[in-house]
Amino acid sequence: MADIQELEKIASQVRRDIVRMVHAVQSGHPGGSLGCTEFLTALYFDILKHNSKSFDMDAKGEDVFFLSNGHISPVFYSVLSRSGYFDVDELNTFRKINSRLQGHPTTHEGLEGVRIASGSLGQGMSVAIGAALTKKMNGEDTTVYTLHGDGELQEGQIWEAALYAPANKVDNLICTIDANGQQIDGSTDDVLSMGSIADKFKAFGWEVMTIEKGNDMKSVVDGLKHAKSLTGKGKPVCVVMHTEMGYGVDFMQGTHEWHGIAPSDDQLAAALSQLEETLGDY
Amino acid sequence: MKKYTDQGSKDTRSGFGAGLSELGKTNENVVALCADLTGSLKMGDFKKAHPDRFFQVGIAEANMMGIAAGMTVGGKIPFTGTFANFSTGRVYDQIRQSIAYSDKNVKICASHAGLTLGEDGATHQILEDIGLMKMLPGMTVINPCDYNQTKAATIAIAEHHGPVYLRFGRPKVANFTPEDQKFEIGKAVMLNEGTDVTIIATGHLVWKAIEAGEALAEQNISAEIINIHTIKPLDDEAILKSVAKTGCVVTAEEHQMNGGLGDSVSNLLAREMPTPQEYVAVNDSFGESGKPEDLMVKYGLSTQNIVEAAKKAMGRK
C-alpha cells in the first residue's frame, strides 16, 4: 500500500506530464485530465489489483478499469506509463502520426493498458458491465472500475446501462462520476441540468456514495476503499466524485475554458512552476 | 445443370437458433444476449439449456452491444440477437467504437432483415445493413441463403476470431443446402456452372437465382449461379474466374442497390475486369407493409426480375 505523500508526489508528476503532452502538440484535453489526476493515481498506484508488466487483454484474476470519458487520455496515458504499462518516453508521441497514443484511447494500436476504445461518450458503463459479468462467470473475486464525466451522463446509453446493472445484481462494478460541473459549452447546469446525480443512481437501484474532495488524495483513497467494501452485496456501486476541472494549475482551475485547449509556451512555464518534478520528466 | 430440391421450407432464423443451441453444447465460451426478442430470434432453446450463459438485456440495444464488447474481456464469445434494424442502424456508433475499432470478438446476429419481414413495414425492414456493416474495417459480413447454411454459418463464426455480422430472415424459404456442407467464411459456393451469364446472389435471393437459372435454361441460356454467403471478405477469385468466362453478371440481393453485394462486385470488376452488370436490388427506396412475396415482386426482387436482368446483361456484352 502506497502512502498518501508518495501518491501526491506521483500526482504532481502526472500533472506535469499532462500539460507537457498537451502543449507539445497544441491539442488535447487538460482540464478534465488535471481534475481526475488524484483518482487515476490512487487507482493505479494503490487500489487496483493489476499486472502492468505483462499486459493481457483478458485480465483474468485482475481488476479492470475502463475510461469512458476518453478525451481525458493525457492523464490515462501518463498514469499507465508511470505505473509500468509502457515506457514513459512514449508520451512524446501523444497525438502525433504513427503513435499508439491516439487522441482518444484505443486498443487498435496495441497500447498496453487499454482494453476498449473510448471517446464517443456514454459507452464505457455497458462495456464494464459486460466485463464484470464475464468475471462472475469465470468465478473471479475481482472488481471492474469505470470513470465517466458528469456531462457524459447526458448520453442515453448510460441510463440503459444504469438500469441493467442493479436489475441484474452486477455488484462487482464501481462506476465513478467525475462531477466537475463543467462541459464544453459551459456549466452542466446551463447546458442540460441533471439535478441530483446521486439521487438518480439511487432511484435506479445503485449503492451510491460521494467523494466530496476529489482532488484530495486521502479523500480519494479512502473513498475508493470504501467503495470496494460496498461491492459484493447485490448492488453496483456509484461514486459521485466532486472535482475541479484544471486542478493544480491556478489559471486552469474551476472553468470549462480549459476543457480542450492547449497552453502557450508562457502558460506551460507558469503551469510547470506550480508542479514539482518528482519522478523525472519524460 | 445441377438440380436442387427443397428439403422442406424453413426460416433461416431457425437455422441460427439451431446453430446456437449446438454451440451451447460444444463451446462453453459462447454466451448469448437478446434485446426482448428471444422467440423471434429462436434463442429459446439456448436460453433453456444454458440459463447462466443467456443474458436478457431488455429493449436496450446500445447497452447490449456494449455489454457484448465487455464480455470478450476474459474470453467469452458473445452472440447478440435482435432484428437487423436494431442490430445495425440503431447501434452503429456502439458497434463502430466498442466492437469494430476495439477489435472485439462479438457476433452480431440479425434476424428479420429486408423486405421479407413483411407486414411490420419500412420502420423494421432495414435494407441498408449490409452496407453499414461492410464499411467497418475488420468486420466480416455474412448473409446465408437457407436454414442449413445459416446453421452452419452460426457454428463457423464461433471459430473465427473477430467481429462478425450474421444476417438472416423471418420467412420460410427453400432449404436445399446439404446438411453436412462445411461453411467456409469468404468462400463462394458454385451452384451451377454456365457460360452465358454469371448470376451472383446472396441470402433469400439465392433460391430465386437457382429458379432463374432453370427458366433461362429453358430458353437455351446457360447461367452460372454463385452463392456469395460472405459479402466481406468477398471471394474475388471465384467472381473473376466466372466473369472471365461469361462476360456479364447479375447481382441479386434483398438490400439497397447502394452499398450491397452488387456494389462490392462492381467495385471488384471496375478495378480488375470491367464487365456489364445488372442489379437485382431495391432501388433507393424504403419498403412498406405487405405479404413478403408480394413485396419481393413489387420491389423488383422476383425470379422473373433475375431472368430479365440476365438477358439485359447479355445484351450489353
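Between chain B and chain A, 22 residue pairs are in polar contact, with both residues at pLDDT 80 or more. Keep in mind that this is a predicted model.

What about salt bridges across the interface of chain B and chain A? The rule finds 0.

Now the elements. On the side of chain B that touches chain A, three of them give two or more residues: strand 3 (54-56), helix 3 (61-71) and helix 5 (92-100) of chain B. Which gives the most? Helix 3 of chain B, with 8 residues. By residue class, that side of chain B splits into 10 nonpolar, 11 polar and 6 charged.

Next, the totals. In contact are 27 residues of chain B and 28 residues of chain A. The two chains bury about 2,300 Å² between them. Carbon and sulfur atoms carry 53% of that. Within chain B, the residues losing the most area to chain A are B:Val73, B:Gln97 and B:Tyr101. Together they make up 26% of what that side buries.

Over to chain A, and one helix pair. Helix 5, residues 124-137, packs with helix 6, residues 156-167. The angle is about 30°, and the axes are 8 Å apart. Angles under 35 degrees count as roughly parallel, so helix 5 of chain A is roughly parallel to helix 6 of chain A.

Who makes the contact? From helix 5 of chain A: A:Met125, A:Ser126, A:Ile129 and A:Leu133. From helix 6 of chain A, the list includes A:Gln157, A:Ile158 and A:Tyr164, along with A:Ala161, A:Ala162 and A:Ala165. The residues of this helix contact divide into 8 nonpolar, 2 polar and no charged.

Conventions: Residues are numbered from 1 along each chain as its sequence is written. Chains are lettered from A and ligands numbered from 1 in the order in which they are written. This is a predicted model: local features need pLDDT of at least 70, side-chain atom pairs count only at pLDDT 80 or more; totals for chains, interfaces and linings use all residues. Side-chain values use heavy atoms; hydrogens and water are left out. Contact means heavy atoms within 4.5 Å. Buried area is the accessible area (1.4 Å probe) that two parts lose on being put together, summed over both. A salt bridge is a side-chain nitrogen of Lys or Arg within 4 Å of a carboxyl oxygen of Asp or Glu. A polar contact is a pair of N or O atoms within 3.5 Å; within protein, one must be able to donate a hydrogen and the other to accept it, and residues adjacent in sequence count only if both atoms are side-chain atoms. Helices (H or I, at least four residues) and strands (E, at least two) are DSSP runs, numbered from the N terminus. Ala, Val, Leu, Ile, Met, Phe, Trp, Tyr, Cys and Pro count as nonpolar, Asp, Glu, Lys and Arg as charged, and the others, Gly among them, as polar. Axes are lines fitted to C-alpha atoms, for helices over the stretch in contact, and angles run from 0 to 180 degrees between N-to-C directions. Angles under 35 degrees count as roughly parallel, over 145 as roughly antiparallel, 65 to 115 as roughly perpendicular and the rest as oblique.
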